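I opened the model and kept notes as I went. The entries follow in the order of my look-ups.

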Amino acid sequence: MKLLEEKANLDFRTGLLNHEAAKSKITSLLASAKNKQYALVFFDLDNFKQANDVYGHLFGDEVLEHIAATIKKNIRSTDVAARMGGDEFIIFMEYKDSAEPQIKRIFEHLTVKFRQFDVGVSMGVACAENFDGDYETLFNMADAAMYTVKRNGKNSYCFYTDEMRDCLGKTRQ
């Protein structure tokens, strides 16, 4: 029974958690986050449709598997990583002092050439200590930051700021 439950929590393509399992785990961590600093990273692959259209869907699947393997190599066992669906991923991590060095390192490892395809990512980051809220609020903040990157040319990362507040909940329209 436990094996079935574990399989139900995983994305079949990447072996990362699925969105619901990640949301549950992150919600628990946020609730017990006494004196801890957390960041939620939300990103998608730039021009992923091109990988599928030009090289085929099997190649696109390999790109997703490569991204998942890269994530696993560059996070700690206490971090949470999930495939949201399609080409969207999240990483939830604890940090000390500043999240920037970890974010920069992960970004640099993700944005490399995979065979003939240049992998680019648009990455938004929200730090949990900047708000009093829940998972949905933190996710929406990271989403607004990611769409700020997309509007500014893609293939970069940025941290959520209060100036993005007007974008909360409106980024997917």
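**Entry 1: Thr70.** I started at Thr70, which lies in helix H4, residues 57-73. I took helices (H or I, at least four residues) and strands (E, at least two) as DSSP runs, numbered from the N terminus. Thr70 is buried, with a relative accessible area of 9%. My classes were buried under 20% relative accessible area, exposed over 50%, and partly exposed in between (1.4 Å probe, protein chains only). Leaving out residues up to four places away in sequence, I found Thr70 touching His109 and Leu110. Contact here means heavy atoms within 4.5 Å.

**Entry 2: ground rules.** This is a predicted model, so I noted that local features need pLDDT of at least 70 and side-chain atom pairs count only at pLDDT 80 or more, while totals for chains, interfaces and linings use all residues. Residues are numbered from 1 along each chain as its sequence is written, and side-chain values use heavy atoms, with hydrogens and water left out.

**Entry 3: nonpolar cores.** I counted as a nonpolar core a set of buried Ala, Val, Leu, Ile, Met, Phe, Trp, Tyr and Cys residues joined through side-chain atoms within 4.5 Å. Which residues touch the most other members of the largest core? They are Phe43, Leu45, Ile67, Ile71 and Met123, out of 32 residues. The elements giving two or more residues to this core are E1, H3, H4, strand E3 (88-95), helix H5 (100-110) and strand E6 (120-127). H4 supplies the largest share, 6 residues. Another core, of 29 residues, lies apart from it; Leu40, Val80, Leu138 and Phe139 are among its members.

I then listed the contacts of Leu45. Not counting residues up to four places away in sequence, Leu45 touches Val63, Leu64, Ile67, Asp87, Val119, Gly120 and Val121.

**Entry 4: cysteines.** How many disulfides does a search of the whole structure find? I got 0 disulfides, with a pair of cysteine sulfur atoms within 2.5 Å as the criterion. Cys127 is in none, and the nearest cysteine sulfur, that of Cys158, is 11 Å away. Cys127 counts as buried at 9% relative accessibility. Cys158 also counts as buried, at 17%.

**Entry 5: positive phi.** Most residues other than glycine have a negative phi. I logged Asn47, not a glycine, with a positive phi of about 60°. Asn47 sits in the loop between strand E1 (37-46) and helix H3 (48-55) and is partly exposed at 44% relative accessible area. Lys154, not a glycine either, has a positive phi of about 70°. Its loop runs between helix H6 (135-151) and strand E7 (156-159). Lys154 is partly exposed, at 35%.
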